Amino acid sequence: MSKTTAEVRTLKINRYIIIDDEPCKIVEYSTSKPGKHGEAKARIVAIGIFDGRKRSTVHPVTHKVQVPIIDKRNAQVIAIMGNEVQLMDLETYETFNVPIPDDFKDDLEPGKEIHYMEALGRKMITRV
């Protein structure tokens, strides 16, 4: 599991956070003023990277949250097998299978280079 911790106040829009054990990209971030006996709170709305679901959470700004370490890499298409594609990483020469996103079904062909992202042990094609 590749993750680290960060304080809520350091998070920004278009960065990543883990909500419900799912890596998510932050799309909204707002803070409230501190109350008489409380501290300022941050409301974070994020969209899951792998499932596309919208999630939200509220934490004090000094609270520590988990942040995924996103690894963006290049790979080459080796074979297309139904709903999956076999890829080879261009740095480590490791081969692995990932599901084909609907956006890239027509663009993939053997020998083509693609960009993919890896977070929390899961991989996804991001660009062809």
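**Terms against values**

Author: Asp21 is part of the loop between strand 2 and strand 3. The model is a predicted one, where local features need pLDDT of at least 70 and side-chain atom pairs count only at pLDDT 80 or more, while totals for chains, interfaces and linings use all residues. Residues are numbered from 1 along each chain as its sequence is written, and side-chain values use heavy atoms, with hydrogens and water left out.

Reader: What makes a run of residues a strand?

Author: Strands are DSSP runs of E with at least two residues, helices are runs of H or I with at least four, and both are numbered from the N terminus. By that count the chain has zero helices and eleven strands.

Reader: Why is the chain called more spread out than a compact globule?

Author: The globule rule is 2.2 Å times the number of residues to the power 0.38, and the radius of gyration is taken over C-alpha atoms. For 128 residues the rule gives 14 Å, whereas the chain has 18 Å, well over that value, so the chain is more spread out than a compact globule. Along the principal axes, its C-alpha atoms fill a box of roughly 60 × 25 × 20 Å.

Reader: Why is Asp21 called exposed?

Author: Exposed means over 50% relative accessible area, buried means under 20%, and partly exposed lies in between (1.4 Å probe, protein chains only). Asp21 has 63%, so it counts as exposed. Asp20 sits in the loop between strand 2 (16–19) and strand 3 (22–31) as well, and at 65% Asp20 is therefore exposed.

Reader: How many bridges join strand 8 to strand 9?

Author: Five bridges join strand 8 to strand 9 (residues 95–99), in the antiparallel sense. Leu87 stands opposite Phe96 of strand 9. This hairpin has five residues between its strands, and Tyr93 in the turn has a positive phi of about 60 degrees.

Reader: Is Ile100 buried or exposed, and how do you know?

Author: The relative accessible area of Ile100 is 12%, so Ile100 is buried. Ile100 lies in the loop between strand 9 and strand 10 (113–119). Buried residues make up 34% of the 128 residues in the chain.

Reader: Which residues is Ile100 in contact with?

Author: Contact means heavy atoms within 4.5 Å. With neighbours within four places in sequence left aside, the contacts of Ile100 include Ile80, Gly82, Val85 and Leu108. Between Ile100 and Gly82 there are 8.8 Å from C-alpha to C-alpha, and they are 18 residues apart in sequence.

Conventions: Pairing = 2+ DSSP bridges.
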